[in-house]
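Hi,

Here is the structure I promised to pass on.

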Amino acid sequence: MIFATEDTEFTEKENMADELTEKVIGAAIEVHKILGPGLLESIYEEAFCHELLLRQIPYARQVAITMTYNGLGIKGQILDLIVNNEIVVELKSQTKVPEVVSAQILSYLRAANLRRGLVINFGLTRLVDGIQRFSL
């Protein structure tokens with residue numbers, strides 16, 4: 001089945017992934033609404049994971065991945081979350097996220113062999129200003 005929009009055609013699987021992305025963002029908004037900005041990233045991670053659990057959204061936390069360099073597998077990279085084996089989620093709690101985070105999430109997507117990513121920055125007054133979507 002194909003879902004058409006003005007510019008793009010989405011397969012049913014892609015449309016479901018967009019719905020999942022919206023659910024993940026909704027969970028983050030709920031956490032931010034209750035806790036507000038200014039806390040440690042680890043606190044948001046714990047609360048966000050709890051909210052995903054309450055919403056029955058499967059996730060893996062602190063996922064170790066192997067980066068590859070010229071055929072050499074290099075261990076040591078840890079992803080904050082992978083939601084439903086589909087979306088890499090990088091959490092931040094900063095007033096300004098460094099530009100390198102965009103390159104970082106794209107590298108994570110390639111290494112994890114996934115197509116969608118989110119950077120969610122809980123450090124801002126309005127969470128919607130701190131959400132970035134990425135796609136390969």
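Below is what I found in it, starting with the ground rules.

This is a predicted model, so I kept local features to pLDDT of at least 70 and side-chain atom pairs to pLDDT 80 or more, while totals for chains, interfaces and linings use all residues. Residues are numbered from 1 along each chain as its sequence is written, and side-chain values use heavy atoms, with hydrogens and water left out.

**The cores**

The largest nonpolar core has 21 residues. By nonpolar core I mean a set of buried Ala, Val, Leu, Ile, Met, Phe, Trp, Tyr and Cys residues joined through side-chain atoms within 4.5 Å. Buried is under 20% relative accessible area, exposed is over 50%, and partly exposed is in between (1.4 Å probe, protein chains only). Two or more residues of this core come from each of α1 (12-35), α2 (41-54), β4 (72-83), β5 and β6 (116-121); the biggest giver is α1, with six residues. Helices (H or I, at least four residues) and strands (E, at least two) are DSSP runs, numbered from the N terminus.

Val24 is among the residues with the most contacts inside that core. Beyond residues up to four places away in sequence, Val24 touches Phe48, Val83, Val89, Leu118 and Ile120, where contact means heavy atoms within 4.5 Å. There is also a second, separate core of 13 residues, which includes Ile105, Tyr108, Leu109 and Phe134.

**Helix α3**

Ile105 sits in α3 (residues 100-112) and counts as buried because its relative accessibility is 0%. Phe134 is 29 residues away from Ile105 in sequence, yet their C-alpha atoms are 7.6 Å apart. Apart from neighbours within four places, Ile105 is in contact with Val88, Glu90, Gly117, Leu118, Val119 and Phe134.

What about the helix as a whole? The 13 residues of α3 should span 18 Å at 1.5 Å a residue, and the end C-alpha atoms are 18 Å apart, so the two agree; the expected span is 1.5 Å times one less than the number of residues. Which residues of α3 are buried? They are Val101, Ile105, Tyr108 and Leu109. These cover an arc of only 100° around the axis, so they are on the same side of α3 (the arc is that of the directions from the helix axis to the C-beta atoms). Their cover includes β3 (59-69), β4, β5, β6 and β7 (131-135), whereas the face turned away from the buried side carries the exposed Val100 and Arg110.

Glu90 counts as buried because its relative accessibility is 5%, and Lys92 is buried at 11%. Their side chains make a polar contact (3.2 Å), meaning a pair of N or O atoms within 3.5 Å; within protein, one must be able to donate a hydrogen and the other to accept it, and residues adjacent in sequence count only if both atoms are side-chain atoms. Leaving aside neighbours within four places, Lys92 has contacts including Val101 and Gln104.

**Positive phi**

Gln62 has a positive phi of about 50° although it is not a glycine. Gln62 lies in β3 and is partly exposed, with a relative accessible area of 40%. Asn85, in the loop between β4 and β5, has a positive phi of about 55° and counts as exposed at 67%.

Cheers
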